[in-house]
Amino acid sequence: MKLYGYYRSSAAFRLRIALNLKQLDFDNAFIHLRRGDQSRTDFLDVNPQGLVPALEVDGQTLTQSLPIIEYLDETHPEPPLLPRDAAGRARVRALAAIVACDIHPLNNLRVLRYLHGPLGHDEEALGTWYNRWIDAGFRAIEGLLAGDARTGAFCHGDQPGLADIAVVPQVVNAERYRLDLAPYPTITRIFETCMQLDAFAAAHPEKQPDREE
């Protein structure tokens with residue numbers, strides 16, 4: 001397996017966690033997004049869409065982190081990342097999708113390029129936009145998790161799964177932008193529990209040996 005990813009990318013962070021939880025060996029192919037590596041001819045030969053992250057596995061290149069993680073869960077079922085019951089799987093998929101769709105949108109280069117137009121290079125203003133969207137998404141997730149009998153040590157029960165894999169990178173992003181996490185005690189507790197596991201801790205952007213600024 002080969003993972004094409006940017007060390008600071010939330011989606012690549014998710015895949016590193018999933019691969020670690022499954023104890024799967026993979027090679028890291030560092031794609032520096034801000035340098036434009038995703039547009040290189042050699043990368044487009046592998047992945048014509050130029051999407052990052054991408055995973056080369058079983059003779060094909062897969063893209064989009066959540067479907068890739070579900071693929072890994074189907075092909076390497078232990079430990080499971082989705083509940084066995086249909087309602088549980090739907091809940092966990094919904095939690096992960098809220099993170100990917102409602103919290104994540106500003107953490108991509110197209111939106112950043114747009115914001116750099118009206119905001120120039122005002123990093124403080126960009127941080128305000130980040131926090132606004134991350135805060136709104138966290139508020140939704142906290143409401144779904146807090147007081148729900150299905151929330152245990154992790155987002156769903158007492159084993160880490162797809163929802164936790166989605167939430168953890170966004171907490172790291174929130175910490176980078178100094179968002180106050182006090183209103184989200186359930187998310188904070190789950191994050192701290194996850195980060196005690198080697199699979200999550202080793203996937204942290206600061207732990208990547210090929211990271212570059």
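The structure is a predicted model, in which local features need pLDDT of at least 70, side-chain atom pairs count only at pLDDT 80 or more, and totals for chains, interfaces and linings use all residues. Residues are numbered from 1 along each chain as its sequence is written, and side-chain values use heavy atoms, with hydrogens and water left out.

The chain contains 9 helices and 4 strands; helices (H or I, at least four residues) and strands (E, at least two) are DSSP runs, numbered from the N terminus. Of the 213 residues in the chain, 50% are buried, that is, under 20% relative accessible area with a 1.4 Å probe, protein chains only.

Helix α1 is mostly covered, with 11 of its 12 residues buried; among them are Phe13, Leu15 and Ile17. Just after α1, Gln23 takes a positive phi of about 55°.

Helices α7 and α8 pack with their axes 10 Å apart. Axes are lines fitted to C-alpha atoms, for helices over the stretch in contact, and angles run from 0 to 180 degrees between N-to-C directions. The two helices are roughly perpendicular to each other, a term for angles of 65 to 115 degrees.

| Pair | Residues | Angle |
|---|---|---|
| α7 and α8 | 162-176 and 185-194 | about 105° |

The contact (heavy atoms within 4.5 Å) involves residues including Val167 and Val171 of α7 and Ile187 and Phe191 of α8.

How values were computed. Parallel < 35°, antiparallel > 145°, perpendicular 65-115°, else oblique.
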